[in-house]
Amino acid sequence: MNTREDRFSSAMVETPPSGIRKFFEMLIGHDDVISLSVGEPDFPTPWLMREEAFYHLEQGHTSYTSNWGLLGLREEIAKYMERYNMFYNHRKEILVTAGASEGVDSVLRSILNPNDELIVCEPCYVNYVPLAKLCGIKVIHLDTSANDYYPTAKQIEELITPKTKAIMFCSPSNPTGTMIPPNELKKIAELAKKNQIWCIADEIYCELVYDEHKHVSIGSFEGMKDYTIILNGFSKSFAMTGWRIGWIAAPEDLMEQIVKLHQYNMICAPIMSQYAAMEGLKHGWNEVEKMRISYQQRRNLMYKAFVDMGLHVPEPTGAFYMFPDISPTGMSAEDFATELFQKHNVAVVPGTAFGEAGKGHIRCCYATSIEKIKIALDRIALFIEEKKQK
């Protein structure tokens, strides 16, 4: 047996496992558990997209594609982004990735040097901070919890130093479901241009927006294309989590660097996934809207239930998550989630999986059936009452 003390990468040893996947693994073999943990649509991928993939499999289209992705898919992505007043050259400024998660890794490794600083708006998706730290940089944690869970230009400005390379955020947010208001987003854009820092905008949930709210991208403001990196994909809005298909949009000079990493670590996204995604962008929007409406109904149900329980929770304006404050129970988020799972067969994710700003909270995903959500909420309410009475 190899007994060398340094046989593993010290950076990887110090990297914690995903707090989301921990609870996902706990579910295996427990068919009686209702999961509100993993952020995955309960809808299958729309049939027209699956049918398109079947067709190309039957035709034997199982090869590599260009590193950049199918030209037709990149054309459709460019057309789609024009809806949000962003204009990209589909040949040189759009790269198809194996999911938005690959995009995060590729972007961070392409812009960061050791000793750079990255401002991360928290609570945030679980892979931002670990992947940034693997680049040997300093992560600056911006706690949004005191400001309705979105960053402000004032907060960001207070954290900028000469070492600041970029700011990273997700809007609509995972795990809170909140969005950065357009007027605040514009202020952040002006700040980025003034200080010449990148804005890494994760927009994976931009089609899942509710009520009167509309998605606005920071990349749409005047002069921001040179300072913006857009991450997006098909997993959430088109229910394509297992297909592993996303994209990056960025200025040509940066994309020249990103595609080199993509060539070495991925080569290309799966060709069948690319054909299915192209069909979705062309003809799948009615299916996306049906799913969005269903999520809005579930959001309304879950939000009212948590309010009735007496818990503070920001009302989500997008995505499919809720982030209630469970501190009135006197329990830590980890203990709450573990005991809820063990005693009441409901799986949620501790808020601390998304950074220290998530302390005292849990994340509940409402991308599951209304029937299961109702049962889960009844069990959570019973659990909270038990804890309050002690």
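Select D211: its relative accessibility is 41%, so D211 counts as partly exposed (buried means under 20% relative accessible area, exposed over 50%, and partly exposed in between, with a 1.4 Å probe and protein chains only). Before you move on, note that this is a predicted model, where local features need pLDDT of at least 70 and side-chain atom pairs count only at pLDDT 80 or more, while totals for chains, interfaces and linings use all residues. Residues are numbered from 1 along each chain as its sequence is written, and side-chain values use heavy atoms, leaving out hydrogens and water.

**Two positive phi values**

Stay with D211 and look at its backbone: phi is near 60 degrees, a positive value in a residue other than glycine. D211 sits in the loop between β6 (198-202) and β7. The strand and helix labels here are DSSP runs, numbered from the N terminus (helices are H or I with at least four residues, strands E with at least two).

Now jump to A239, in the loop between β7 and β8 (246-249). A239 is not a glycine either, yet its phi is positive, at about 55 degrees. Is A239 buried or exposed? With a relative accessible area of 8%, A239 is buried.

**Along strand β7**

Select residues 228-233 to bring up strand β7, and pick out N232 within it. Its relative accessibility is 3%, so N232 counts as buried. Show the side chain of N232: one of its polar atoms lies 3.2 Å from the backbone oxygen of E203. That is a polar contact, meaning a pair of N or O atoms within 3.5 Å; within protein, one must be able to donate a hydrogen and the other to accept it, and residues adjacent in sequence count only if both atoms are side-chain atoms. Setting aside residues up to four places away in sequence, N232 touches Y80, A100, E203, I204, C206, G246 and W247. Contact here means heavy atoms within 4.5 Å.

T228 is in strand β7 too. At 0% relative accessibility, T228 counts as buried. Which backbone oxygen does the side chain of T228 reach? It is that of M224, at 2.7 Å. Beyond neighbours within four places in sequence, the contacts of T228 include Y88, W198, C199, A249 and P251.

**Helices α5 and α9**

Colour α5 (residues 99-111) and α9 (residues 252-265): the two helices pack at an angle of about 120 degrees, with their axes 9 Å apart. Axes are lines fitted to C-alpha atoms, for helices over the stretch in contact, and angles run from 0 to 180 degrees between N-to-C directions. α5 and α9 are therefore oblique to each other (under 35 degrees is roughly parallel, over 145 roughly antiparallel, 65 to 115 roughly perpendicular, and the rest oblique). Their crossing is right-handed: the near helix is turned clockwise from the far one by less than a right angle.

Show side chains at the meeting point: E102, D105, S106, V107, R109, S110 and I111 of α5 meet L254, Q257, I258, L261, H262 and N265 of α9. By class, this contact has 5 nonpolar, 5 polar and 3 charged residues. Nonpolar covers Ala, Val, Leu, Ile, Met, Phe, Trp, Tyr, Cys and Pro, charged covers Asp, Glu, Lys and Arg, and the others, Gly among them, are polar.

**Helices α3 and α10**

Next, take α3 (residues 47-58) with α10 (residues 271-283), which pack at about 140 degrees with axes 8 Å apart. That angle makes α3 oblique to α10, and the crossing of α3 and α10 is right-handed. On the α3 side select L48, M49, E52, A53, H56 and L57; on the α10 side, M272, Y275, A276, A277, E279, G280 and H283. The residues of this contact divide into 8 nonpolar, 3 polar and 2 charged.

**Two cis peptide bonds**

Go to the bond joining E122 and P123: it is cis, with omega about 5 degrees. P123 belongs to the loop between β3 (117-122) and α6 (128-133). The bond from S171 to P172 is also cis, with omega near -5 degrees, and P172 lies in the loop between β5 (164-170) and α8 (182-195).

**Last stops**

Find T352 in the loop between β11 (349-350) and β12 (362-365). Its C-alpha is 9.8 Å from that of C124, 228 residues apart along the chain. Finish at E386 in helix α13 (residues 370-389), whose C-alpha is 8.9 Å from that of T329, 57 residues apart along the chain. E386 counts as partly exposed, at 31% relative accessibility.
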